Amino acid sequence: MDRARPIPSRRRFLKGAVLAAVPYALLPDARAGAQSRAVDYPLAEWRAASSSNYTASDRPDSYRVDRVVIHVTQESYTDTLSIFQNPKKEVSAHYVVRSVDGHVAQCVREADVAWHAGNWDYNTRSVGIEHEGWVDRPAYFTDALYAESAKLTAAICATYDIPRDRDHIIGHYQVPGSDHTDPGPDWDWDRYIGLVNFA
């Protein structure tokens, strides 16, 4: 014998209709509070690296922060985040900047030591920023990437009282013992430092 399905109440029906009419973006995200507390730079999205890929610390109390190291990923933005989230990779940076729009993801807290420079002393004393792209493809160095990265670097310099110059904002290739060439010969240092100082 078939039983008739219960008819939903008018109140339940109206409640469902109201929720369906609310745009998804306006609904509270359970992670939103945690994300906003996790980032050091307010314009960044939190995309945590695996805790196996950095050293927990309490900088600047444990180590003085006096450098920003500029990197180029040699990978896509998405692949870079995946690499940092893979506990077997043993690599990370504090931030990743996307090429197309300059969107910033934070992967490691600035208080912690990211493994980005290939030199422990420089890791302990710097904040590492990866930029989506390849050193031999300057089209990845978009206006948006330069502008948003410069704002980020300016904020880091302000936080740690780092001079906004080429002695303190360096390329990965300048780290002692590094065999890397990034950000490469097409990175416009004059433009970048100018933007950092203007931000």
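Analyst: Strand 3 (67-72) and strand 7 (126-131) pair in the parallel sense over six bridges; strands pair if DSSP finds at least two bridges between them. Strands here are DSSP runs (E, at least two residues), as are helices (H or I, at least four), both numbered from the N terminus. This is a predicted model, where local features need pLDDT of at least 70 and side-chain atom pairs count only at pLDDT 80 or more, while totals for chains, interfaces and linings use all residues. Residues are numbered from 1 along each chain as its sequence is written, and side-chain values use heavy atoms, leaving out hydrogens and water.

Back to the pairing: Ile 70 has Ile 129 in strand 7 as its bridge partner. Strand 4 (residues 95-97) also pairs with strand 7 in the parallel sense, over three bridges, and there Val 97 stands opposite His 131.

So how enclosed is strand 7? Six of its six residues are buried, so strand 7 is largely enclosed by the rest of the structure. Buried means under 20% relative accessible area, exposed over 50% and partly exposed in between (1.4 Å probe, protein chains only). In a regular strand, side chains alternate between the two faces of the sheet. Here, Ser 126, Gly 128 and Glu 130 point one way, and Val 127, Ile 129 and His 131 the other.

Strand 7 is also part of what covers the buried residues of helix 6, along with others including strand 3 and helix 5 (143-160). Those buried residues in helix 6 (residues 189-198) are Trp 189, Tyr 192, Ile 193 and Val 196.

Notes: Contact = heavy atoms within 4.5 Å.
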